Amino acid sequence: MQEATFLILTALAARSQHGYGIITDVLEISGGRVRLRAGTLYTALDRLRAEELIEVDREEVVETRLRRYYRLTPAGSTRLAAEAARLQANAAAALSRLRLAGGIA
Amino acid sequence: MTGAAALERRFRRLLACYPARFRDEHGEELLAVLLASARDGQQRPGLAESASLVRSGLGMRLRPGASQTAGQGWADALAVFSLAGPVFLLATTVVTALLPVAAYLPHGAAGWLLGLRGAWIALGFQVLVAALVLAGLRWWALVMAAAAGAYMLTSHTWLPGVLFSLAIGVYMLELAALAGSPGPRRGRDLVHWGHGVVLLLYAAALVCYWVLQQYAFREPLAALLVLALVVAVVAGVARAAGLSRYFRLLLAALAYPYAASLIIWWGFRWWLPHPPGASESIALLFAGPALTALVALINAVRPRRRRRII
């Protein structure tokens with residue numbers, strides 16, 4: 001899973017969010033490292049909807065502009081949890097090997 | 001023109017890079033995000049933002065699988081059908097069967113009507129399937145549509161032939177739609193006014209065709225030509241309304257049983273030695289929707305299994 005996809009799913013893990021909210025949340029989650037462009041975000045959202053990992057939660061019109069909120073589907077939660085566990089296992093393995101080599105304390 | 005209006009106009013130009021389907025679905029919200037992300041007083045899209053929009057939009061048009069693959073096209077068409085099909089069937093049944101019958105009620109037909117037990121059961125099934133898809137209960141709707149189709153095929157029912165053909169065709173496609181697509185909830189996201197207009201027109205055309213078949217047609221060839229005209233007009237309106245070719249194919253499959261029955265009727269007059277038996281008739285009449293359902297199901301399911309997030 002690409003990092004941007006992982007971060008988008010993470011941004012939606014706790015609550016539903018609209019496009020701009022996802023962009024700001026991803027920036028925060030990544031510690032300011034990943035700044036999603038709107039075009040990139042919506043290409044990913046379109047694909048994730050087709051994959052049934054996210055779905056539309058609700059729509060609002062704010063100052064005449066459409067705001068659509070997305071949320072994780074159960075399949076999206078499962079997929080994110082599996083990916084997080086995989087990354088955690090990889091990170092643990094990497095840290096363990098580095099400790100063996102005396103690379104880090 | 002204000003700065004904000006100029007910026008919006010320029011963003012809209014960039015959004016033209018995206019396929020129409022994507023713009024219809026996400027264009028306004030993407031524009032809202034672009035404007036929300038803009039700096040105060042910004043009048044032109046930034047270079048990086050413009051490049052991202054052009055790259056994403058053109059990529060979606062050019063890259064197979066990026067936006068509307070054949071598989072996704074079928075899946076989306078089936079998702080809309082899973083929602084709209086049962087409602088369309090119910091509406092057509094009510095107009096075709098119940099309204100003309102209601103005209104006879106003042107003439108003492110109530111007792112006869114109440115005696116049509118099979119018809120009421122079949123109508124009950126239609127109401128139930130329509131309610132389930134409207135509630136987004138995909139798997140319950142699948143079970144109920146299967147039960148409804150089985151009941152109709154085994155009970156040698158009751159309703160005028162035009163409705164029997166339509167109901168069996170709709171149930172065949174509905175089973176594929178509920179099994180092979182994300183289902184009516186996804187259909188709710190995709191359905192738009194064009195589907196409503198086209199289905200209303202299609203229902204009206206079928207009702208008119210049924211009336212003509214009852215009272216006007218003497219020759220199957222004439223009926224066949226009228227049917228071809230009806231399908232062509234509905235297909236033209238569906239195309240103009242922006243309905244996908246996959247959805248148009250599903251609608252066309254519903255007209256197949258009528259065409260098949262007319263061809264059999266015509267052929268029986270000229271070259272068929274005897275009319276086909278009941279099981280042969282069923283197979284001939286519903287080969288079109290059955291085959292379409294199978295093709296749609298295979299195409300909708302196969303790419304979804306192959307697609308992976310990388």
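## Basis of the model

The model is predicted; local features need pLDDT of at least 70 and side-chain atom pairs count only at pLDDT 80 or more, while totals for chains, interfaces and linings use all residues. Residues are numbered from 1 along each chain as its sequence is written, and chains are lettered from A and ligands numbered from 1 in the order in which they are written.

## Chain B

Chain B contains 14 helices and zero strands, where helices (H or I, at least four residues) and strands (E, at least two) are DSSP runs numbered from the N terminus. Of its 310 residues, 38% are buried, a residue being buried if 20 or more other C-beta atoms, placed from the backbone, lie within 10 Å of its own, exposed if 12 or fewer, and partly exposed in between. Among contacts in chain B with a separation of 6 or more, 83% join residues 24 or more positions apart; two residues are in contact if their C-beta atoms, placed from the backbone, lie within 7 Å.

Helix H7 of chain B covers residues 138-154. The buried residues of H7(B) include Arg138(B), Ala141(B), Leu142(B), Ala145(B) and Met152(B).

## A hairpin in chain A

Strands S2 (residues 54-62) and S3 (residues 65-72) of chain A pair in the antiparallel sense over eight bridges; pairing requires at least two DSSP bridges between two strands. One of the bridges links Glu60(A) with Arg67(A) in S3(A). Two residues lie between the strands of this hairpin, and Glu63(A) in the turn has a positive phi of about 50°.

## Where the chains meet

Contacts join 23 residues of chain B to 21 residues of chain A. On the chain B side, helices H2 (20-37) and H3 (47-62) each give two or more residues, and H2(B) provides the largest share, ten residues.

The axis of helix H3 (residues 38-50) of chain A comes within 10 Å of that of H2(B), and the two cross at roughly 145°; axes are lines fitted to C-alpha atoms, for helices over the stretch in contact, and angles run from 0 to 180 degrees between N-to-C directions. H3(A) contributes Ala38(A), Tyr42(A) and Asp46(A) to this contact, and H2(B) contributes Phe22(B), His26(B), Leu30(B), Val33(B), Leu34(B) and Ser37(B).

Terms used:
Expected span 1.5 Å × (residues − 1).
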